[in-house]
Amino acid sequence: MSGGVGKMVGRVLTILLILGMLIGAGFAYLHRQEIADHFAAQSFSPSSEVSDLADRLELTDSGRRIFFASRPTLDASQNFNAQCADVDHAEGSHVLGCFTDGTIHLFKVTDPRLDGIVEVTAAHELLHAVFWRLGADERAEMSRRLVDAYDELAAADPALAQRMAVYESLSAEGFANELHSVLGTEVRALPDWLERHYAESFNDRGLIIDFFDAYHTVFEQLQARADELQATMTELRESIESRSAAYDAAVQDLNADVADFNRRNEAFEFSDNEAGFWAVRSALQQRSDALQQELASLQADIARYEEMRLELEQLGAVNAELNENLNSQLAPPATP
């Protein structure tokens, strides 16, 4: 009797052990990417700069795990270009990061005026890593919902449509992949379902948008001031040209009238008309004074135009300098 019970208990324990192993195997299979990321992140030794970067992004545990599992590099040399050599980008744009072969590579931008751009780029590439980890069905569903959300957002935000235009040549999934990263790092107000999705990676996505707004505003302000100057200069130049032509014509008329007055005076036409002499002379003097005032006004406007031209030139130099600092092709050679 006791022997039979013992055998039954043994069989039950064996069955439970097998079930436990099957359940464990099933769990491990379902979470194989998360488990792989855990060990990859644990084995990665980030530099202090990369570690600080992760801290500034305020990543969730999941976001931090995927970020470090992607073995991020931060490089200000030509080595970055070699790492991201296969990245396609629009003419005139800069490659500041890439996610390739499961690894995140970031270009180190040190210009303090562009503070936050590395953080936004890191978040952008992290979201590529997140998208890459979705299953095929999940990616397809995510892509569909992203494009639907984008169509509504772009209708009210032409700048977003212009931003995404650089990705129009990509495949549908490639476009959705970029959209997944752009919306998450550059657009503040998003549908609730998408906010919940990004909340799996970022504790405070608004912080990423603040970084984006900060450095993006630098370029926006430069462009706005340049546009303002160009509009004012165009209007002022047209005014100067028109007034200068009128001034030149008026000077010619005055000179002709002065010459005529002098001729008449030398012919003694005013010998018995002193009042007429002084009336004509006074009128000529008033016209001369008015032309002197107009000349001074023209010279002041020409000087103001020159000041604006120099400011516009300086703005162009600043813009060029900022773009040079974003151009990884100008980076120094990699250190051996």
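Colleague: Is Glu195 buried, partly exposed or exposed?
Modeller: Happy to look, bearing in mind that this is a predicted model. Buried would need under 20% relative accessible area, and exposed over 50%. Glu195 has 25% relative accessibility, so Glu195 counts as partly exposed.

Colleague: Which residue forms a salt bridge with Glu195, and how far apart are the closest N and O atoms?
Modeller: The partner is Arg205. Arg205 lies in helix H11 (residues 205-266) and Glu195 in helix H10 (residues 192-198), so the pair ties together parts that are 10 residues apart in sequence. Arg205 itself is buried, at 7% relative accessible area. For Arg205 and Glu195, the closest N and O atoms are apart by 2.8 Å.

Colleague: Nice! What about Arg139 and Glu173: how many residues apart in sequence are the parts they tie together?
Modeller: These two form a salt bridge, with 3.6 Å between the closest N and O atoms. Arg139 sits in helix H7 (residues 136-156) and Glu173 in helix H9 (residues 172-186), so the parts tied together are apart in sequence by 34 residues.

Colleague: What separates Asp148 and Arg144 along helix H7?
Modeller: Asp148 and Arg144 form a salt bridge whose closest N and O atoms are 3.3 Å apart. The two residues are four residues apart in helix H7, so their separation is about one helical turn.

Methods: Residues are numbered from 1 along each chain as its sequence is written. This is a predicted model: local features need pLDDT of at least 70, side-chain atom pairs count only at pLDDT 80 or more; totals for chains, interfaces and linings use all residues. Side-chain values use heavy atoms; hydrogens and water are left out. A salt bridge is a side-chain nitrogen of Lys or Arg within 4 Å of a carboxyl oxygen of Asp or Glu. Buried means under 20% relative accessible area, exposed over 50%, partly exposed in between (1.4 Å probe, protein chains only).
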